[in-house]
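Morning, everyone. I have one model to walk through today, and I'll keep it brisk.

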Amino acid sequence: MSAHVSRRTFLRVGSAAGGGLLLSFGWRPSALEAAQAGTPAAASLQPSGFVRLDPDGTVTIWSKNPDMGQGVKTALPMILAEEMDADWSRVRAIDAELDRSKFGGQGSGGSDSMRAEWDLYRNAGATIREMLADTAAEAWGVTRTECRTERSRVVHATTGRSIEYGPLAARAAARPVPQKAAWKPASAFTLLGTRVAGVDNPAIVTGRPLYGIDVRVPGMKYAAVAKCPVFGGRPAVVDDSAALRVPGVRQVARIPGHENPTFLQPGVAVVADSTWAAFKGRDALRIQWDEGPFRDETSASLSDQFARLARGEGTTVRAVGDVDAALAGASRVVEAYYEFPFLSHATLEPHNCTADVRDGHCYITGPLQMQGSGALVVSEVTGIPRENVHIQVTRLGGGFGRRLLSDYAAEAAVVSKAIGAPVQVIGTREDDMRHDYYRPAGARALRAGLDANGRIVAWDCHLVNLSRNAYRRGTSPAWSTETYGMVTGLSENLAPDFELDLVPWHIPHVRLRFSEPRSGVATGAWRAPAHVANAFAVETLLDEIAVSAGRNPVDLRLELLGPSSALRITGDDPTPYNPERMVAVLRLAAERGGFGQRPPEGRARGLAAHYTFGSYCAQVVELSVGPQASGAVGAPRRVTIHRVTCALDCGIVVNRSGVEAQAQGGIIDGLGHAFFGEITIDRGGAVEGNFDRYRLIRNREAPAAIDVHVVPSTMRPTGFGEIAVPVIAPAVANAVAALTGDRIRRTPFVRAGYTLR
Amino acid sequence: MPSISLSVNGRTHALELDPEMPLLWALRDSLGLVGTKFGCGGGFCGACTVHVDGAATRACMLPVGKAAGRAITTIEGLGAGAGGYDQVRAGAEGSEPGSHPVQRAWVELDVAQCGYCQAGQIMTAAALLARTPNPSDEEIAAGMNGNLCRCGTYMRIREAVRRAASMATSSAPGEGR
Ligand code: FES
Ligand code: FES
């Protein structure tokens, strides 16, 4: 076996059983990590991915990132196959089991998989391609440069003779790993940028077991867990006599909870022979709750608290110039107050997980997004050493941020340990919705000062928001999860002089203040966290300023974006924020969406743009507003979305089908939550428990057309699972304002007088 | 507990079950047919849609006692021909997609994102096309309106129903149904 280190990745080649070639690859730990581990860097090389070439030409790629609909299980193998020049019809993609001896930190969040894995999968593909070409060239007695590779063959250019990859595998496996394996130029791509159907499609349409909820283990039980309806509460007195009389119920087990509520919450588990019996038994429990300090909390009390805090000083997070003086000297001040509710993730697959604790080990199978931290949490709550926690990830029936946490795996492990048998813990929809970790609610009070020419000279933002960082007992400042840096896009890498997504660029006097309300409600990351609320406030206020100053909203934004030369980039992000890419998507969306041209009679167009996790998106919405949905006083008016034009730049497109699907899906998701999404708090708990009250957008309400235009790029791919979501709501609000003069300053829009047709 | 005779995908099973248990859990927990999904348990989302005597039906709302003696088709049995689920199960890892035009259209147009709702979408679409072989755009959106997709795949769902309708009408009548 030979190893080679290229850039920050390394590759190893060996023989696979049956005469194949096995290439393993991974990240080289940094000198710091190696020093911390106490081993020299070279000795601690842990592969994170594998590819095998069989003698029959089949290519098998183990993909370590869980797929929850963003298509990474298809996209990562595509990158490798492109560089390898493998025939895609002979590539199989397989999920990798978590094994810390083989796989490094696993998970997909913050639209990060593509950013992180691009080098790794390209290097792996290029290396295996070069080894196969070298093997063929040597056998033919020609030089490598006379040969080319295409569709799983090596071809000798002058004679035209060719050989398939498969028969070369065994001999290639015995070669040393080449020191250099050049990447193909983007112009030579034949697979990347095309539309490739998801590798799991055949299994999905035939109903094969794929998801956590489908896991069946011999001898397993089913369990449902009762938790306190008030956030922060716990069971005090439990009477389980009626529950134990339900046919099929076997046992009742207490779940103690953990001091970090994102690890495990206290509850009572009912264990049964079927899911149905577990649900019925759980409903038959009689529990007196210790409701804790937040039993009187309501949505109204939270709103009052937000407004009171917004009137106060708050803590200054960032200040440039003298905002107070600039506002006092402004020709005009535009002010707005925005409020946003809690949102549930409402993954269509409710939370569930299967655990089997035996012989000092814990075997977890379930829909987990972060296997690495999941293993840590399970170890923490069970006391089982982390190396004895084994996690097999299934396909995820939706994520949207909910499955960054692993509380349901911890629950399953604790119950399995208590009953000494494998168990699937499963939530009803009501359990899932009333015990979620919600998009944190909050408000933004904004003031902008304009000079006589309508230029923005002062920008003052007071961010009042629950902090998911504070809730999860994080050590960074509470505001750091509720507003993000622009330069790097990832809060971990913030440069000291970062800008924030609540503060537009090139305004001489700016200030950002923060206040954290007190609340018991559980919070977590929700698709495009913080961006959804922040983009709505900033993008609707910019539109309002432009309209009130008689300026074109596109021109105003271009002025604020400025040239890229005005940016000071620090940190090591290979694709830092570039305002020129934002200018390009703004112009493209405006042009293709007819922004600034006269819309058909009775319709209006609205525009918005945002930068999310390394990618750029602008949208133009064309809509009309109809009469009230019913004759009732205050009934909302019906909005019909005729067309959404979406321009985006996420670097090189790996799978065009996936990018287009995420853009369309993100727009529909963003629309539905903008119009309907709200978890109401009453008596300290969540009111909405199912889709009758927590309305999701339906087929008939989706736009008549969504056009997606992707900016051609040779830049590294960046995330595309989240970028479309924050942009749609402000674009709709701006179009509604253009038509009616009414400025929507809150979500859900149904509470501001508008519903979907 | 009474014995309930359940006919699923052309095969009859005798089950000892609480007749009040929803058909959904009998399929998933007793028969191991996990393709039919649990989304809400209240008739709101359509993830659990199966065919009962040919009609799209929410398995979470139908007590298994009331399903006895009726012809039930699940996603595993759709397009599988007379062999039903056994034929599908016989297929190895990576077996061919279902042969029903709706299933083929769903694969071709890459409809699924997370995929969790799609069994229910497909069963609803198949029943819709059996009733209305050439639906208008409005009939498609209305016919599919009861099935939620949290990932927002509605645009491709509409297109795939159109594609399936054209596939079905261009082949012999009844084929693949
Ligand atoms: S699970 Fe039956 S309709 Fe939702
Ligand atoms: S594809 Fe995820 S819920 Fe429909």
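Let's start in a loop of chain A. A:P748 sits in the loop between α18 (725-740) and β30 (754-756) of chain A. The peptide bond joining A:T747 and A:P748 is cis. Its omega is about -5 degrees. Keep in mind that this is a predicted model.

A:A530 lies in the loop between β23 (509-515) and α14 of chain A. Is A:A530 buried or exposed? Its relative accessible area is 12%. The cut-off for buried is under 20%, so A:A530 is buried.

The other one is A:F613. Phi here is near 50 degrees, again positive in a residue other than glycine. Look for A:F613 in the loop between β24 (604-612) and β25 (615-628) of chain A. A:F613 has a relative accessible area of 4%, so it is buried.

A:H531 belongs to helix α14 (residues 531-548) of chain A. How accessible is A:H531? The relative area is 3%, so A:H531 is buried. What does A:H531 touch, once residues up to four places away in sequence are set aside? The contacts are A:Y484, A:D501, A:F536, A:H610, A:Y611, A:T612, A:F613 and A:P726.

A:E82 is in helix α2 (residues 72-84) of chain A. Its relative accessibility is 2%, so A:E82 counts as buried. Which residues does A:E82 contact, leaving aside neighbours within four places in sequence? They are A:K184, A:A188, A:F189, A:T190, A:L191 and A:L192. What does the side chain of A:E82 reach at 3.1 Å? The backbone nitrogen of A:T190. For a distance across the chain, take A:E82 and A:C353. They are 271 residues apart along the chain, and their C-alpha atoms are separated by 35 Å.

Over to chain B. How many helices and strands are there in chain B? Seven helices and five strands. What is their order from the N terminus on? The elements run β-β-α-β-β-α-β-α-α-α-α-α. Chain B has 177 residues, and buried ones make up 59% of them. Now take the contacts in chain B between residues at least 6 apart in sequence. Of these, 58% join residues at least 24 apart.

Last item: a helix pair in chain B. The pair is α5 (residues 118-131) and α7 (residues 154-170), both of chain B. How do their axes meet? They come within 11 Å and cross at roughly 40 degrees. That angle is why α5(B) and α7(B) are oblique to each other. The crossing of α5(B) past α7(B) is right-handed.

Which residues make the contact? From α5(B), they are B:Q118, B:Q121, B:A125, B:L128 and B:L129. From α7(B), they are B:I157, B:V161, B:A164 and B:A165. What classes do they fall into? Seven are nonpolar, two are polar and none is charged.

That's my tour. Questions, please.

Definitions and conventions. Residues are numbered from 1 along each chain as its sequence is written. Chains are lettered from A and ligands numbered from 1 in the order in which they are written. This is a predicted model: local features need pLDDT of at least 70, side-chain atom pairs count only at pLDDT 80 or more; totals for chains, interfaces and linings use all residues. Side-chain values use heavy atoms; hydrogens and water are left out. Axes are lines fitted to C-alpha atoms, for helices over the stretch in contact, and angles run from 0 to 180 degrees between N-to-C directions. Helices (H or I, at least four residues) and strands (E, at least two) are DSSP runs, numbered from the N terminus. Angles under 35 degrees count as roughly parallel, over 145 as roughly antiparallel, 65 to 115 as roughly perpendicular and the rest as oblique. A crossing is left-handed if the near helix is turned anticlockwise from the far one by less than a right angle, and right-handed if clockwise. Contact means heavy atoms within 4.5 Å. Ala, Val, Leu, Ile, Met, Phe, Trp, Tyr, Cys and Pro count as nonpolar, Asp, Glu, Lys and Arg as charged, and the others, Gly among them, as polar. Buried means under 20% relative accessible area, exposed over 50%, partly exposed in between (1.4 Å probe, protein chains only). A polar contact is a pair of N or O atoms within 3.5 Å; within protein, one must be able to donate a hydrogen and the other to accept it, and residues adjacent in sequence count only if both atoms are side-chain atoms.
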